[in-house]
Amino acid sequence: AQVVVGSDSLLRGRGSDRLAFLDAFAAVLSARGMLDAGAVATTRSGTAPSDTVLRVASPPLAALLPHFLKPSQNQHGELWLRHIARQVTGVGRADSGAAVVRRRLRAWGVPEGAVHIADGSGMSRHNLLSADALTRVLASMLASEHATVFRDALPVAGVDGTLERRLAGTAVAGRFAGKTGSLDRVRALSGYLTDAAGRPLIVVLLINHFAGSAASAEALLDHLLQRVASLGAPLPVR
């Protein structure tokens with residue numbers, strides 16, 4: 001992925017003015033840690049501005065993924081859904097991105113109607129999915145060539161990200177890599193749990209419309225996860 005700044009009326013001046021702007025702009029981005037100085041490419045030949053005056057290459061997706069999943073950065077999800085849409089369909093809209101994602105889910109065996117995608121962050125109340133659909137997604141990623149990259153980008157119980165303070169000091173700490181889910185009256189916990197034999201188990205726990213406190217719902221999820229970890233054999237997956 002690349003960040004491209006196009007020329008406009010502010011840049012249509014003398015060549016020296018335009019290059020001074022680019023140098024200052026690149027310096028500000030570099031000072032804020034948004035790019036490396038060597039990552040900036042500008043056109044410095046002649047005085048006429050080109051359509052593209054600054055091009056910045058982003059790190060690879062594998063390097064960006066932990067910054068999205070571990071802290072659960074909702075803005076990243078929104079941007080990536082639209083980026084996927086733009087790359088595949090040529091239209092960078094959420095509904096176009098949702099259509100691309102639905103095609104991928106069908107290829108993974110997720111039935112039509114098991115998932116409804118409204119946005120990239122998961123914050124909309126119109127996002128819907130079944131536990132079976134999420135299980136199929138996690139199973140498909142576990143069998144993927146990108147399994148290690150994906151799993152390493154997930155928060156780890158008692159270690160980092162949104163799970164840093166969850167399950168710390170328990171037998172599950174360091175053995176569960178997954179994602180939390182939080183909306184009003186909704187809590188979720190799903191991902192990969194390594195059992196005592198070193199086997200990865202897929203665990204999907206969803207609570208909807210609970211009447212108690214959020215803390216009690218999260219405590220129940222943590223308890224259930226520990227119960228699964230204590231089982232002598234993995235639960236069968238349909």
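## Basis

The model is predicted: local features need pLDDT of at least 70, side-chain atom pairs count only at pLDDT 80 or more, and totals for chains, interfaces and linings use all residues. Residues are numbered from 1 along each chain as its sequence is written, and side-chain values use heavy atoms, with hydrogens and water left out.

## The sheet

Helices (H or I, at least four residues) and strands (E, at least two) are DSSP runs, numbered from the N terminus. Two strands pair if DSSP finds at least two bridges between them.

E6 pairs with E7 (residues 186-194) over eight bridges, in the antiparallel sense. Ala177 stands opposite Tyr192 in E7. Lys179 has Ser190 in E7 as its bridge partner. On the E8 side, E7 pairs over nine bridges, again antiparallel. There, Ser190 has Val204 in E8 as its bridge partner.

## Turns and the covering helix

Both connections are hairpins. Two residues separate E6 from E7, and Arg185 in that turn has a positive phi of about 70 degrees. Five residues separate E7 from E8, and Gly198 in that turn has a positive phi of about 85 degrees.

## Burial and cores

Eight of the nine residues of E7 are buried, so E7 is largely enclosed by the rest of the structure. Buried means under 20% relative accessible area, exposed over 50%, and partly exposed in between (1.4 Å probe, protein chains only).

A nonpolar core is a set of buried Ala, Val, Leu, Ile, Met, Phe, Trp, Tyr and Cys residues joined through side-chain atoms within 4.5 Å. The largest has 17 residues. Val172, Phe176, Leu189, Leu193, Val203 and Leu225 have the most contacts inside it. E7, E8 and H7 each supply at least two residues of this core. H7 gives the most, with five. A second, separate core of 13 residues includes Leu69, Phe150, Tyr192 and Val204.

## Aromatic pairs

The structure holds two aromatic pairs. Rings of Phe, Tyr and Trp (its six-membered ring) pair if their centres lie within 6.5 Å; planes under 30 degrees apart count as stacked, over 60 as edge-to-face and the rest as tilted. Phe68 and Trp80 are edge-to-face, at 4.9 Å centre to centre and 65 degrees between the planes. Phe68 lies in helix H2 (residues 61-69) and Trp80 in helix H3 (residues 74-89), so the pair ties together parts 12 residues apart in sequence. Phe68 is buried, at 19% relative accessible area. Trp80 is partly exposed, at 23%.

Phe150 and Tyr192 have ring centres 6.3 Å apart and planes at 85 degrees, so this pair is also edge-to-face. Phe150 lies in helix H6 (residues 147-153) and Tyr192 in E7, so the pair ties together parts 42 residues apart in sequence. Phe150 and Tyr192 are both buried.

## Salt bridges

A search of the whole structure finds nine salt bridges. The criterion is a side-chain nitrogen of Lys or Arg within 4 Å of a carboxyl oxygen of Asp or Glu. One of them joins Arg166 and Asp222, with the closest N and O atoms 2.8 Å apart. Arg166 lies in the loop between H6 and E6 and Asp222 in H7, so the pair ties together parts 56 residues apart in sequence. Arg166 and Asp222 are both buried.

Arg199 and Asp195 meet at 2.7 Å, N to O. Arg199 is partly exposed, at 37% relative accessible area, whereas Asp195 is buried, at 7%. Arg106 and Glu112 also form a salt bridge, at 2.7 Å. Arg106 is partly exposed, at 40%, and Glu112 is exposed, at 58%.
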